[in-house]
Amino acid sequence: MTTKPRTTYDRVAIILHWLMAILLIGMLLLGEDMMEIEKEIGEDHGEGGISLINLHVNIGIAILVLIVLRIVWRIANPPPALPDTVKPWEKKIATITYGLFYVLMIVLPLTGWFALPGFVAKHSEVVGLNLFGFMDFHLAPAVSIKTIILHKLGSTIALALLALHVLAALKHQFIDDTKIFSRMMPH
Ligand code: HEM
């Protein structure tokens with residue numbers, strides 16, 4: 001008996017996609033906020049600043065755990081092929097975009113973790129970082145490369161990819177009339 005190839009993402013992939021989309025978009029905004037606070041009040045983040053960093057760190061760890069699960073799930077449950085109405089060059093760009101998203105969802109939390117000691121050293125008021133309120137957060141060993149530069153560069157690339165990804169999804173849905181959203185919606 002032959003089984004028909006899938007035309008939509010499975011439920012777990014859909015949940016992971018939207019959950020991680022919310023977390024990543026939130027993180028990009030939260031990161032911007034942290035930068036603004038840093039500019040406005042210089043060295044002193046105050047109470048609000050500290051909890052903002054704790055939230056940023058905790059969501060970063062959650063993204064790292066979820067992306068491992070997502071990659072394992074994707075290998076075990078291959079996604080549906082893109083529809084034939086999507087042109088070959090668009091398929092190539094989509095594949096590169098998806099690949100870069102996966103790489104960034106690993107690289108961003110890791111570079112953030114390695115950048116944290118430098119950040120904490122500059123902000124003596126940041127104490128008591130903890131993981132989801134359960135245990136102390138352990139700082140990464142100090143490294144000589146400027147991981148914060150990679151972290152900021154990565155988040156800029158993620159923002160650009162996000163814009164490309166959303167515009168492409170809207171183009172396929174509304175201009176090309178390919179029902180791309182229904183592939184990533186609960187069914
Ligand atoms: C409002 C924001 C977003 C919209 C409207 C959206 C929409 C979609 C849609 C419709 C697909 C299915 C494309 C297909 O049929 O092949 C998709 C796939 C995908 N999206 Fe998004 N997305 C959004 C945000 C994000 C974010 C923030 C990320 C990164 C964390 C992301 C990463 C991905 C990846 C990696 C895939 C491919 C999944 C795979 O094949 O493994 N998306 N997105």
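Visitor: What share of the contacts in the chain with a separation of 6 or more comes from residues 24 or more positions apart?
Guide: Such pairs account for 81% of those contacts, where contact means that the two C-beta atoms, placed from the backbone, lie within 7 Å.

Visitor: What sort of model is this, and how are the residues numbered?
Guide: The model is predicted; local features need pLDDT of at least 70, side-chain atom pairs count only at pLDDT 80 or more, and totals for chains, interfaces and linings use all residues. Numbering starts from 1 along each chain as its sequence is written.

Visitor: How many helices and strands are in the chain?
Guide: The chain has four helices and two strands, in the order α-α-α-β-β-α from the N terminus. These are DSSP runs numbered from the N terminus, with helices being H or I of at least four residues and strands being E of at least two.

Visitor: What does the C-alpha trace span, and how much is buried?
Guide: Along its principal axes the trace spans about 60 × 35 × 30 Å. Of the 187 residues, 13% are buried. Buried means 20 or more other C-beta atoms within 10 Å of the residue's own, exposed means 12 or fewer, and partly exposed lies in between, with C-beta atoms placed from the backbone.

Visitor: Which residues make up the largest nonpolar core?
Guide: There are seven: Leu24, Met27, Ile63, Ile67, Met105, Leu108 and Ala158. A nonpolar core here is a set of buried Ala, Val, Leu, Ile, Met, Phe, Trp, Tyr and Cys residues joined through C-beta atoms within 7 Å. H1, helix H2 (46-76) and H3 each give two or more residues to this core.

Visitor: What does Leu108 touch?
Guide: Leaving out residues up to four places away in sequence, Leu108 touches His151, Gly154, Ser155 and Ala158. Among these, His151, Gly154 and Ala158 are buried residues of H4. Thr147 and His172 are also buried in H4.

Visitor: Why does the span of H4 agree with its residue count?
Guide: H4 has 29 residues, which should span 42 Å at 1.5 Å a residue, and its end C-alpha atoms are 41 Å apart. The expected span is 1.5 Å times one less than the number of residues.

Visitor: And H3, how far does that reach?
Guide: H3 reaches 49 Å from its first C-alpha to its last over 35 residues, close to the expected 51 Å.

Visitor: Where does H3 bend?
Guide: H3 bends by about 35 degrees at Ala115, and Pro117 follows within four residues. The bend is the angle between axes fitted to the seven residues ending at a position and the seven starting there. Ala115 is one of the buried residues of H3, which also include Phe114 and Leu116.

Visitor: Switching to the ligand. How many residues surround it?
Guide: There are 19, and the closest are Ala21, Leu24, Pro79, Arg183 and Met184; a residue qualifies if its C-beta atom, placed from the backbone, lies within 6 Å. Helix H1 (11-41), helix H3 (88-122) and helix H4 (147-175) each give two or more residues to this shell. H1 gives the most, with five.

Visitor: How does the shell split by class?
Guide: The shell has 15 nonpolar, two polar and two charged residues. Ala, Val, Leu, Ile, Met, Phe, Trp, Tyr, Cys and Pro count as nonpolar, Asp, Glu, Lys and Arg as charged, and the others, Gly among them, as polar.

Visitor: Back to H1. Is Ala13 buried or exposed?
Guide: Ala13, in helix H1, is buried because 20 other C-beta atoms lie within 10 Å. Apart from neighbours within four places in sequence, Ala13 contacts Trp73, Arg74, Asn77 and Pro79. Ala13 and Asn77 are 64 residues apart in sequence, with 8.7 Å between their C-alpha atoms.

Visitor: What about Val86, where is that?
Guide: Val86 is in the loop between H2 and H3. Val86 counts as partly exposed because it has 17 C-beta neighbours inside 10 Å. Not counting residues up to four places away, Val86 touches Lys91, His172 and Thr178.

Visitor: What is phi at Phe132?
Guide: Phi is positive at Phe132, about 50 degrees, although the residue is not a glycine. Phe132 lies in the loop between strand E1 (130-131) and strand E2 (135-136), and is exposed because it has 10 C-beta neighbours inside 10 Å.

Visitor: And Asp177, what is phi there?
Guide: Asp177 also has a positive phi, near 60 degrees. Asp177 is in the segment after H4, and counts as exposed because it has 9 C-beta neighbours inside 10 Å.
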